[in-house]
Amino acid sequence: MSVKAKKHLGQHFLTDENIARKIVEGLSFEGYQNVMEVGPGMGVLTKYLLEKDQNIYLAEIDKESIEYLKKNYAKVTEETFVGDFLKQDFQFTKGEQIAIIGNFPYNISSQILFKIIDHYGLVPEMVGMFQKEVAERTAAVPRTKDYGILSVLVQAYYDTSYLFTVHENVFNPPPKVKSGVIRLTRNPKEGLAGNEVLFKQIVKAGFNQRRKKLSNALKILNIPEALKTHEFMDKRAEELSVADFISFTQLWKQNL
């Protein structure tokens with residue numbers, strides 16, 4: 001028995017064991033007892049996760065995959081499954097830390113990243129495979145074309161590393177694009193507490209008109225008078241580092 005990949009779920013099953021092992025080895029498995037795999041499919045990553053000492057949870061909504069995994073992996077039971085990742089409230093962790101891993105469905109990859117950010121306090125680490133373009137955007141640095149809203153919002157909470165590229169021919173069915181594996185490690189950046197909403201507004205407004213200087217792009221947010229002559233106003237969003245955006249948000253809040 002095997003599982004039929006379902007297009008509406010964005011399923012592309014990884015078939016290369018070496019790559020599967022490398023993805024799992026991307027996690028440190030230190031400082032937490034729980035790991036959640038998103039979209040385990042037929043268990044190509046799961047089998048290596050089950051060799052670890054951590055509690056393994058599986059976020060899967062494909063009934064066929066769930067039955068396959070229960071039938072083929074003795075350690076996988078009904079209690080292993082935690083439902084739809086995007087609807088997850090993480091209550092089952094009882095406040096304990098949990099790392100995230102997966103060959104993520106391309107159609108919800110950005111949503112997965114934002115869900116992790118929303119639960120930043122619980123998620124110390126993530127290793128995941130995304131469409132290459134999304135992986136590159138997540139790990140991008142200032143003054144590059146890939147640097148944008150996703151880069152800044154993720155990197156405000158996590159140090160981000162692009163680990164390696166995966167070619168189309170190691171999947172069944174093969175996707176039309178290459179994939180990229182990235183690692184997120186929670187960082188100790190200070191300064192966002194209480195300012196998260198304003199931070200996101202500034203970042204989104206700045207990049208939504210990325211060719212304009214911030215003095216123009218941020219007009220819709222009613223720039224505080226004291227900041228209208230700030231040096232950043234003469235720059236474009238892509239020229240500011242994540243730390244710049246955080247400090248600028250603090251300054252903005254102080255001058256409201």
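In this predicted model, the side chain of Thr138 reaches the backbone oxygen of Val134 at 2.7 Å. Thr138 itself belongs to helix H5, which covers residues 132-139. Is Thr138 buried or exposed? Because its relative accessibility is 0%, and buried means under 20%, Thr138 counts as buried. Leaving aside the neighbours within four places in sequence, Thr138 is in contact with several residues, among them Leu113, Leu150, Val154, Thr160, Ile182 and Leu184.

Strand E5 (residues 125-131) and strand E8 (residues 179-186) pair in the antiparallel sense, and seven bridges join them. In general, the strands of a sheet pair through backbone hydrogen bonds, either parallel or antiparallel.

The whole sheet is open and has six strands, which follow the order E3-E2-E4-E5-E8-E6 with mixed pairing. Its edges are formed by strand E3 (55-59) and strand E6 (158-166), each of which pairs on one side only. From one strand to the next, the twist averages 20°.

Helix H1 (residues 17-25) lies across strand E4 (98-103), E5, E6 and E8, and runs at about 170° to E6. Helix H4 (residues 109-118) packs on the sheet as well, where it touches strand E2 (34-38), E4, E5, E6 and E8, and its direction makes about 165° with that of E5.

Finally, the unreviewed UniProt entry places the feature "domain: Ribosomal RNA adenine methylase transferase N-terminal" at residues 19-188. This span, residues 19-188, is 27% helix and 25% strand, and its end C-alpha atoms lie 30 Å apart.

Key. Residues numbered from 1 in each chain as written. Predicted model: local features only at pLDDT ≥ 70, side-chain atom pairs only at ≥ 80, totals over all residues. Heavy atoms only, no water. UniProt positions renumbered as here; feature names shortened; annotations may be inferred. Helix = DSSP H or I, 4+ residues; strand = E, 2+ residues; numbered from the N terminus. Buried < 20%, exposed > 50% of the residue type's maximum accessible area, 1.4 Å probe, protein only. Polar contact = N/O pair within 3.5 Å; in protein donor to acceptor, adjacent residues only side chain to side chain. Contact = heavy atoms within 4.5 Å. Pairing = 2+ DSSP bridges. Axes fitted to C-alpha atoms, helices over the stretch in contact; angles between N-to-C directions.
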